[in-house]
Structure formats: structure tokens, C-alpha cells
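Here's a protein to get to know. Take a moment with the sequence and the 3D view, and then we'll walk through it together.

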Amino acid sequence: MSSHSEIAVTVNGRRYREAVAERMLLSDFLRQRLGLTGTHVGCEHGVCGSCTVHLDGAAVRSCLLLAVQTDGADVRTVEGLADGERLHPLQEAFREHFALQCGFCTPGILMAAADFLAHNPAPARNEIAEMLAGHLCRCTGYAPIIDAIAAASGSGAE
């Protein structure tokens, strides 16, 4: 018999109060309970970066956190990145620079890049590449992703 706990968590600005199994992963909570399927689960070991979300403003791997650990926290997923119908500058840059193909890794990279640019608003290309080392993309070869993040930063690192 699984033990449950009630959590109160804000996700993309909306407050939720839910009873969750104590061993439920945050990624599963977001996808299965809240229907926020933009958070992808690739490796379930924190290696691929596809499940990256923001927890209280910091990029984290949602497959490595339990939902109960988010009690009282603020979570932002890729669904909360845009401002209504207006794309986030990173999303717009990814579109303009063809920085996605299959799109599986894209949500995690967008969330990691948003956190990265919040702390490093004018990165060099090598700094962007270093940040991307924690993400696996098998389609783009990373060059268009680096171009898009550089363009979104406005740093002239393109």
C-alpha cells in the first residue's frame, strides 16, 4: 500500500492542492496529473535534460525530484514560458533559427536556457555550448540551438 501526502504547489501561476503518492516523480505529476505533457521524460536518470523545469526560479530535472518535494513551491514548465499567445524570446529564436527538429529535447533546453540567460544575459558561444553539455539532442547537431540562444540573448555571440 502506497503512502500519500497532500501538496500545495503553484504550476505556471496556477495553484494546485493534490494528494500524491510519496514516491511519485515531479515529471509524472506534471504529465499524468496536471496534463502538462511538454515536460518530456527521456532517460529518467537526469542525464538527457528533457525533463528540465524551473523550481522556485532554478532549472531542475523533474525526473530526479519527488512531487512531495515541491510542496509550497513555484514550478514553471515549458507551457508557462510563453506570455499567453506571445512566444518567449527563446521560443521565437528557436523558430527563427530552425533550432528544433523532432522537438523532444526542446522543452528541456528552452527551460535550461531561460535559467542560464537569467544568470548570464550576454554569454559567449562557448558558454552556451557548455550549458548545453547537460542536454542530449540527436537531431540538430547543436549549432542551430547555440545560434538561437545567442540570438535570444542579444549578446552578439552569433
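## The surface

How much of the accessible surface of the protein belongs to carbon and sulfur atoms? Keep in mind that you're looking at a predicted model. Its accessible surface comes to about 8000 Å², and carbon and sulfur atoms account for 49% of that.

## The overall build

Let's step back to the fold.

If you follow the C-alpha trace along its principal axes, it spans about 55 × 30 × 25 Å. Of the 158 residues, 47% count as buried. Now take the contacts between residues at least 6 apart in sequence: 53% of them join residues at least 24 apart.

In soluble globular proteins, nonpolar side chains tend to be buried together. Here, the largest nonpolar core has 24 residues, and the ones with the most contacts inside it are Leu90, Phe94, Ile128, Met131, Leu132, Ile145 and Ile149. Which elements give two or more residues to this core? They are α2 (89-96), α3 (106-119), α4 (125-132) and α5 (143-153), with α3 giving the largest share, eight residues.

Leaving aside its neighbours within four places in sequence, Leu90 is in contact with Leu110, Ala113, Ala114, Leu117, Ile149 and Ala152. Apart from this core lies another one, made of 18 residues, among them Val9, Val20, Leu34 and Leu65.

## A closer look at Ser50

Finally, find Ser50, which sits in the loop between α1 (26-33) and β3 (52-55). Is Ser50 buried or exposed? Its relative accessible area is 2%, and buried means under 20%, so Ser50 is buried.

And what does Ser50 touch, not counting residues up to four places away in sequence? The list is Thr39, His40, Gly42, Phe104, Cys105 and Gly108.

Key. Residues numbered from 1 in each chain as written. Predicted model: local features only at pLDDT ≥ 70, side-chain atom pairs only at ≥ 80, totals over all residues. Heavy atoms only, no water. Core = buried A, V, L, I, M, F, W, Y, C linked by side-chain atoms within 4.5 Å. Buried < 20%, exposed > 50% of the residue type's maximum accessible area, 1.4 Å probe, protein only. Helix = DSSP H or I, 4+ residues; strand = E, 2+ residues; numbered from the N terminus. Contact = heavy atoms within 4.5 Å. Areas by Shrake-Rupley, 256 points an atom, 1.4 Å probe, with all protein chains shown as cover.
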